[in-house]
Amino acid sequence: MSSSSSSSSGFFELYRDFLQQTSGFWEQVATVPKPPDPNEIWKHFYGIWTEYWSQSFTHSPDMFQVAQRLWMEQLDTTSKSLENIMGTAAYGVAVRQFFQEQLTWQERAAKAVHPQIDGA
Amino acid sequence: MLNATMQAPEYARALQDELWKDRERWSNWMTEFVVSPADPPMAQTPKDVVWRRGKITLNRYRPQTETLNPLPYLIVPWLGISRPYILDMLPGYSMVEYLVQQGHDLYMLDWGEIAEEDKELGLEDVVFKILPRAIDEILTLSGATHINLNGFCLGGVISNCYLSLNPDAPVKNYIAIVTPVDFDQGGLFKVWVGHNEFPVDLIVEHLGGIPPHLMGVGFKMLRPAGDATAYSGLWMNMNKKDYILVFKAMNHWANDFVGMPGRFFTQLQKEFYFQNKLLKGELWLKGRRVDLQCIRQPMFVAAASKDHIVPPLAAEALMDAVSSTDKEYVELPGGHISVFSGRQAHKVLWPRLHEWVLARSSH
């Protein structure tokens, strides 16, 4: 039992470090003044992620249950990180610009295809 | 790869358990999603349409008890976005069924399938025409003099406006569940649409309102990993038949979006998300100021701790905005929907709500 509890303790320390790393990572991505290269972002994130999972499987005999729980928590963390990015003013501006440009483009296209729209 | 501290028998047992669960998972997946992929029928609690105006209907649920609570209970769901049948999801998982079985004479408005032809439907229509007439119909049918009014989400916003403009409304008790009041606390939606540069007029001009697919994109974006979480949860619980049943129902509803009328969306964006006029007391409808201070009914406000759509602070603001002296605020575990329609709702919200209403429902 003692080996189980000590391995669990190590497991949660590992998980805590992992959360700190991923949160810090997404925070950095969200706050850099210029958008970084998306390939580099995902490569870095994937590296943190795979290292964590490969280590986590060596810590607990309840690894299936723990892995499932951590997977859900990981999704939650990822979702929250993305929400933080989407909650920035810059993202709000991007949403507005998207609608503006998309609808303006649609209007132009519609008029080009159906010139009678202007005549109506 | 295994740690030296790990006991081989423990590992073997864990592996065996997991393999057994996997066998059940695959078997259930085959029967529930390949052989019989149909979603379970929802909204099964027996009801009758007792009033209709265009596509908007008022449903009365057939009593299932010998005696009825003397005050009829009206549910006003959100307008647009999705259909209210999640409130009557499945037998055993239905808030509607629960309230009927507790002896409430239950009514629910259904706004119908909002489409482009409804683009002129605005807050004035629902506050000055639809809701008062539905309440009149309930009073006529039941012979009661007052009702319990229960708004959900934007249905709560509609109810807030109605009660504010009608201090003598025949409403004895008021319940607001996940109802946004302080739109400055409106989470991601506030960031996305609560800005004067949001092209709401352009959207309404081109699309007539918010079409279902756009509504779906907006709500999915609120929880970017929502679908992955849902399907991961499904796989982990695929060995439980009742989990699959609820998942199918919930998933069906969660992807069954309806649109929002252009005029209503414009008001929501400009007057609420951008200017937060209702809370500031600056909202005017048909030349009348909507003053939340005019709400004096006993009031029960419920928010969900993990609500992405109406964060607790957005809902709690109603407590200080009204004149009611008998008022209660609860923040319950769960999300915007799961707080009233999840696997725990029948243990948490429903009994609490029923007891609160019952204690205040004598003539």
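**Figure 1. Secondary structure and overall dimensions of chain B.** In this predicted model, chain B contains 15 helices and 14 strands. Its C-alpha atoms occupy a box of roughly 75 × 55 × 40 Å, taken along the principal axes. Buried residues amount to 44% of the 363 residues of chain B. Among the contacts in chain B with a separation of 6 or more, 80% join residues 24 or more positions apart.

**Figure 2. The two domains of chain B and the contact between them.** Chain B is assigned domain 1 (13-39 + 212-258) and domain 2 (47-211 + 261-358). A distance of 29 Å separates the C-alpha centres of domain 1 of chain B and domain 2 of chain B. To their contact, domain 1 of chain B supplies 13 residues and domain 2 of chain B supplies 17 residues. On the side of domain 1 of chain B that touches domain 2 of chain B, the elements giving two or more residues are α7 (212-222), α9 (241-254) and β9 (257-258) of chain B. The most is given by α7(B), with five residues. Sorted by class, this side of domain 1 of chain B consists of 10 nonpolar, one polar and two charged residues.

**Figure 3. The largest nonpolar core.** This core comprises 107 residues, and those with the most contacts inside it are B:L74, B:L131, B:I158, B:V178 and B:A302. Helix α3 (residues 123-142) of chain B provides the largest share of the core, eight residues. At least three residues of the core come from each of domain 1 (13-39 + 212-258) and domain 2 (47-211 + 261-358) of chain B. The surroundings of one core residue may be described in detail. When residues up to four places away in sequence are not counted, B:I158 touches B:V76, B:L79, B:V126, B:V127, B:L131 and B:G151.

Figure 4. Is B:I81 buried or exposed? B:I81 is buried, because 22 other C-beta atoms lie within 10 Å and the cut-off for a buried residue is 20 or more. B:N276 is placed in the loop between α10 (262-274) and α11 (277-280) of chain B. B:N276 also counts as buried, because it has 21 C-beta neighbours inside 10 Å.

**Figure 5. The loop residue B:E120 of chain B.** B:E120 is located in the loop between β5 (106-110) and α3 of chain B. Is B:E120 buried or exposed? B:E120 is exposed, because 12 other C-beta atoms lie within 10 Å and a residue with 12 or fewer counts as exposed. Between the C-alpha atoms of B:E120 and B:D326 there are 37 Å, and along the chain these two residues are 206 residues apart.

**Figure 6. The helices of chain A.** Chain A has five helices and zero strands. Read from the N terminus on, its elements follow the order α-α-α-α-α. Of the 120 residues in chain A, 9% are buried. Contacts between residues 24 or more positions apart make up 69% of those in chain A with a separation of 6 or more.

**Figure 7. Helices α3 and α4 of chain A.** Helix α3 (residues 63-86) of chain A has 24 residues, which should span 34 Å at 1.5 Å a residue. The end C-alpha atoms of this helix are 33 Å apart, which agrees with that expectation. Which residues of α3(A) are buried? They are A:M63, A:L70, A:Q74 and A:S81. Helix α4 (residues 89-113) of chain A consists of 25 residues. From its first C-alpha to its last, α4(A) reaches 36 Å, close to the 36 Å expected at 1.5 Å a residue. This helix, α4(A), is hardly covered, as one of its 25 residues is buried.

Definitions and conventions. Residues numbered from 1 in each chain as written. Chains lettered and ligands numbered in written order. Predicted model: local features only at pLDDT ≥ 70, side-chain atom pairs only at ≥ 80, totals over all residues. Helix = DSSP H or I, 4+ residues; strand = E, 2+ residues; numbered from the N terminus. Contact = placed C-beta atoms within 7 Å. Expected span 1.5 Å × (residues − 1). Domains from an automatic or database assignment. Nonpolar A, V, L, I, M, F, W, Y, C, P; charged D, E, K, R; others polar. Core = buried A, V, L, I, M, F, W, Y, C linked by C-beta atoms within 7 Å.
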